[in-house]
Amino acid sequence: MADGHKVRTVRDVMSSPPVTALSSEVLADASNRMKSHGVGSVVVIDGDRPIGILTERDLVSFVASGGDSSVTKVSEWMTEDPELVGPGEPVVDAFARLSQGRYRHIPVVEDDGLIGVVSIRDLMRIASIEPMSYPGHMEAPKGLAGVIVAETEVGDVRGQEGFYHYRQYSATELTERRGLEDAWYFMFEGELPDRIQLDAFIDELRPLRQVSPLVAELLPALARAGERFVPLDALRTAVSLVAADADFRPSLDIDRPALRMNALQVCSVIPTLIAALWRLRHGHEPLAPHPELRYAANYLYMITGEVPDPDIARAIEQYQMTTIDHGFNASTFTARVITSTGADLGAAAVGAIGALSGPLHGGAPSRALDMLDAIGNPDNTAAWVRNAVESGDRIMGFGHRVYKTEDPRSRLLRDVAQRLGGDMAEFATLVEQTVVDTLAELKPGRDLYANVEFYAGVVMDRCGLPRELFTPTFASSRAIGWCANILEQAADNRIIRPSAKYVGPPPPQPVPELD
Ligand SMILES: CC(C)(COP(=O)(O)OP(=O)(O)OC[C@H]1O[C@@H](n2cnc3c(N)ncnc32)[C@H](O)[C@@H]1OP(=O)(O)O)[C@@H](O)C(=O)NCCC(=O)NCCS
């Protein structure tokens, strides 16, 4: 392999073992051997070291000279000290180097010993179909890490500074000062709403939370599917159903107002779908959205059946606000790739949910909570954490690919958890400090801090959300970020179509017949 591309070398095309002759042999014997092996040359050896080459062309010249091949020695007509090639040399290089020479057959030598012969014709055949390079193509690192693939006004993450923003505002400051619908309006429209705009927006969203009769009829079947209930999978299927039922059209064929309406519908209905599917799976009737409640309070209401305490609703709202967008993450990128094909918004949202369902992306805030359960009580904390790190375990809810300082979402959610109070929040704060100190001591220089998942689990648990709804709750507000990106992509689109470097067996291989 070179640069990840499988390069064919001389070894792949040489003939081996080579047909050889001794310099003391007569030409007739060498010529007969050449004929019987069907080759165009013999390599003249001394031990296993090539000292010359005798080719068909040499024999033709010899015949023309009128000599007697039964008495003339190979040494008299061979070419001494022929050009040699190593078996590891790429075919393309060997051809470029040797094609200028006079010789059509080149001995292949490894550690001074002859191991084969390669013909210029073979080298040329392979060299001409071997891709010399990918002209004009740049090679991106695995996972596209650090590669800028688009321009966006939606937002960005500054990992070194522990900062992320929605458009021009700090995401955490926006979360502290405004409500979710404000942020949603802002992400779609590019400016924060005034009171009149906000009220009008909330009125616009209210009917879009409803599921249609057909979707309502089919949800019980989706909720029953599978031995395990995976809420995100059920949601993915339900969103697809909503888009089909509402006749979403390809983004290529509709204008921004129509695409915006699709986006509002998907983002509005997702909390209703999550709650309905979860209730159905657990044997409860779904609840219609509460017309007086805003996004987060209504979400909790549709799950629990109770109008939540405003502090609880605000805590969930703040969690959801912190997760609306976070740079060009895998699900956002997926949504943009699908939109770039001109597909409808439902397809892009379903694809994004699929990307988020992977453990490397959507994660599992519940795992951080499982760890708190495993530690059990404050007295166990130091020993448990030390033992886990010393055994090489990853501490769930700590460390981040982008943030090398405190994750701003974790900082905000820690405040939310502490504001709500309770034993769990206090315990979590102690565990966080212990983990950070222990990792700093045992894994110095790695800059490991709590990430969003650690306190997200604590907050959602404190607000009465079941653990299996943690990731769907994340998906619900992230849908707003996906849709802001979809609108942006559709407004200035070019199909996203990168290239890949082929590294499989060199083509064209002969296609075997079926025996
Ligand atoms: C989030 C995460 C995947 C980022 O990974 P990453 O940027 O690729 O970091 P690396 O895997 O290269 O880790 C760098 C070093 O820090 C250590 N490290 C990273 N996260 C750690 C954690 N949570 N606990 C203990 N050690 C950790 C690694 O062991 C590694 O140490 P080494 O240099 O001795 O090998 C990683 O921190 C992790 O696995 N965290 C736990 C799972 C989690 O909380 N996921 C939710 C993310 S929102």
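Tyr-166 has Tyr-169 in S9 as its bridge partner. Strand S9 (residues 169-170) is joined to S8 by two bridges, and the two run antiparallel. Strands here are DSSP runs (E) of at least two residues and helices are DSSP runs (H or I) of at least four, numbered from the N terminus, and two strands pair if DSSP finds at least two bridges between them. This is a predicted model: local features need pLDDT of at least 70, side-chain atom pairs count only at pLDDT 80 or more, and totals for chains, interfaces and linings use all residues. Residues are numbered from 1 along each chain as its sequence is written, and side-chain values use heavy atoms, with hydrogens and water left out.

**Hairpins**
- Two residues lie between the strands in the hairpin of S8 and S9, where Arg-167 takes a positive phi near 45°.
- Strand S7 (residues 155-158) runs antiparallel to strand S8 (residues 163-166), joined by four bridges.
- Asp-156 has His-165 in S8 as its bridge partner.
- The hairpin of S7 and S8 has four residues between the strands, and Gly-162 there takes a positive phi near 65°.

**The four-stranded sheet**
- An open sheet with mixed pairing has its four strands in the order S1-S2-S3-S4.
- Its edge strands, S1 (20-22) and S4 (79-80), each pair on one side only.
- Six bridges link strand S2 (residues 41-46) and strand S3 (residues 49-55) in the antiparallel sense.
- Asp-46 has Arg-49 in S3 as its bridge partner.

**A helix residue**
- Arg-121 sits in helix H6 (residues 120-129).
- Arg-121 has a relative accessible area of 60%, so it counts as exposed (over 50%, with a 1.4 Å probe and protein chains only; under 20% is buried and in between is partly exposed).
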